[in-house]
Amino acid sequence: MKYKEKAIVIKQDQLVEGIYSIWLKTENIAHEAVAGQFVNVYTPSAGHVLPRPISLCEIDAADNAIRLVYRVVGYGTEWMSRLYNGCGVELFGPLGNGFPEHDENKKALVIGGGIGIPPMLQLMRDLRCPKTAVLGYKDELFLMDEFAKAGSFYVSTEDGSAGIKGNVLDVIKANELEADVIYACGPTPMLKALAEYAEAENIECYVSLEERMACGIGACLACVCKSREKDEHTNVNNKRVCVEGPVFNAREVAFK
């Protein structure tokens, strides 16, 4: 079920420069949500009618609350960064398909890059199989303490200031990390490289894609990605990220 409702800000914190964490009390969304899904956040500006799609970082079904971690990049997210306790926020969700149910006998790698790190936290906590997180940062570090509480993790940074200097694949190879399944969210070049690595190593791989979105329900076709097979809805080699995704089996996606 999807709900359009007014959520209430419980608290908001700045994690690092330009990245914020906000907890929202919902009526129904948290009860329905799973790791990998997202919500549309509406702003009050008549000049900015399209909502901002933001992935779920944490889901507290017991308290009916969700956590969003986002980067300020424009009007909508800048407006969000000024919200304080008690403010009302119009949401629509949960939207999209989350990560599939896992096999407890399979060893998992949970991989996040940049602002694709927050959506992997809830999954890391939900997995009941042997699991290791690999987090790739460009510069400032965030959420590391929370991943540490969820399981073992490794870090890569572009400048080598923490962990291994390089990218998430460098971490996997340097530490000889093995897995039966990979779950990943982050920049497209990272996802493409992981998909190719997984195919070469015969590892099951699921990727969460980010695309510009408008409606969030698959009607406008603004968020299509190239797929290896024809889509039943459009009869062309496209998939709607907001409906068929954002999580896909990596073998479904034709990365550019």
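**View 1. Cys57 and Cys129, two buried cysteines.** Cys57 counts as buried because its relative accessibility is 0%, where buried means under 20% relative accessible area, exposed over 50% and partly exposed in between (1.4 Å probe, protein chains only). Cys129, at 6% relative accessibility, counts as buried too. The count of disulfides comes to 0, a disulfide being a pair of cysteine sulfur atoms within 2.5 Å. This is a predicted model, in which local features need pLDDT of at least 70 and side-chain atom pairs count only at pLDDT 80 or more, while totals for chains, interfaces and linings use all residues. Residues are numbered from 1 along each chain as its sequence is written, and side-chain values use heavy atoms, leaving out hydrogens and water.

**View 2. Strand 5 and its partners.** Strand 2 (residues 19-25) runs antiparallel to strand 5, joined by 7 bridges; two strands pair if DSSP finds at least two bridges between them. Leu24 has Ile66 as its bridge partner in strand 5. Strand 4 (residues 52-60) is also antiparallel to strand 5, with 4 bridges, and Glu58 is partnered by Arg67. In the hairpin of strand 4 and strand 5, Asn64 takes a positive phi near 50°.

View 3. The order is 10-9-8-7-11-12-15, with mixed pairing. Strand 10 (164-165) and strand 15 (247-249) are the edge strands. Strand 7 (residues 108-113) and strand 8 (residues 131-137) run parallel, joined by 6 bridges, and Ala108 finds its bridge partner in Lys131.

Terms used: Helix = DSSP H or I, 4+ residues; strand = E, 2+ residues; numbered from the N terminus.
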